[in-house]
Amino acid sequence: MTEDLPELRASDTDRERVAEILRDALAEGRLAMEEFDERLDATYKARTYGELEPLTADLPPAAAGSAPLSLRKESGAPARWAERIVSGTEGSAVGLSLMGGFQRKGRWTIGRRFTAACLMGGGQIDLREANFAGPEVVISCWVLMGGVNIVVPPGVEVDVRGLGIMGGFDAREDGAPGEPGAPRVVVRGLALMGGVSVERKLPRAERRRVKEERRRIADDGRKELDD
């Protein structure tokens with residue numbers, strides 16, 4: 001991997017190739033299960049080559065393989081996001097919670113403008129499997145003694161502009177560059193004695209796949225010990 005391109009965006013294919021290298025290293029006894037788990041989690045969360053490179057830097061060539069990671073952006077990433085940006089659709093626009101809660105998760109479409117209002121209650125806006133009514137969606141959060149949790153998938157750019165008074169807006173994901181073609185999510189509003197959190201998680205199907213892969217590797221290891 002070229003050292004002068006550490007910030008080049010990594011594709012799903014790049015992350016999967018690093019994951020395969022780590023699986024091989026585990027099978028060969030070069031990584032303990034705990035370290036494998038930590039590196040695999042970091043692999044699927046990585047956005048750039050600079051974040052992927054250290055995960056296999058200490059593995060010998062035999063484990064790392066001869067083919068380097070491609071420094072060319074994969075054309076599949078924009079196409080993948082294009083399927084989820086459904087312009088011309090209004091989508092869901094409001095989530096209200098009064099001493100209770102609301103959820104938007106699974107397969108749904110978020111509108112270009114979405115308002116979340118919570119009074120002594122909470123709301124969850126899960127975008128991991130959602131479609132987007134435009135390339136940019138604005139989520140306005142108005143919270144009084146409550147909270148809103150926003151979950152975004154890897155690759156989505158997040159811009160947090162909210163104000164917290166005796167509360168707060170979580171800006172940990174603010175400013176991270178998005179993948180080519182991915183939607184942009186702007187979070188704004190006011191949290192009074194409450195909070196708005198933004199977190200990035202893998203889609204459920206991908207998380208299940210990772211867990212199944214870990215279970216399969218653990219089962220293979222136990223079988224080898226039994227033999």
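I started with how E3 (residues 109-119) sits against E6 (residues 136-144): the two run parallel and are joined by seven bridges. This is a predicted model, where local features need pLDDT of at least 70, side-chain atom pairs count only at pLDDT 80 or more, and totals for chains, interfaces and linings use all residues. Residues are numbered from 1 along each chain as its sequence is written, and side-chain values use heavy atoms, with hydrogens and water left out. Strands here are DSSP runs of E, at least two residues long, numbered from the N terminus, and two of them pair if DSSP finds at least two bridges between them.

I looked up who faces whom: Arg 113 stands opposite Val 138 in E6. E6 also runs parallel to E11 (residues 184-192), with nine bridges. There, Val 137 stands opposite Val 185 in E11.

**Cysteines.** How many disulfides does the structure hold? I found zero. Cys 118 is in no disulfide, and its nearest cysteine sulfur, in Cys 141, is 7.7 Å away. That is too far for a bond, because a disulfide needs two cysteine sulfur atoms within 2.5 Å. A disulfide, I noted, is a covalent bond between the sulfur atoms of two cysteines.

**Buried or exposed?** My cut-offs were: buried is under 20% relative accessible area, exposed is over 50%, and partly exposed is in between (1.4 Å probe, protein chains only). Cys 118 has 3% relative accessibility, so it counts as buried. Cys 141 has 0%, so it counts as buried. Leu 98, which lies in strand E1 (residues 92-98), counts as exposed because its relative accessibility is 61%.

Definitions and conventions:
Helices (H or I, at least four residues) and strands (E, at least two) are DSSP runs, numbered from the N terminus.
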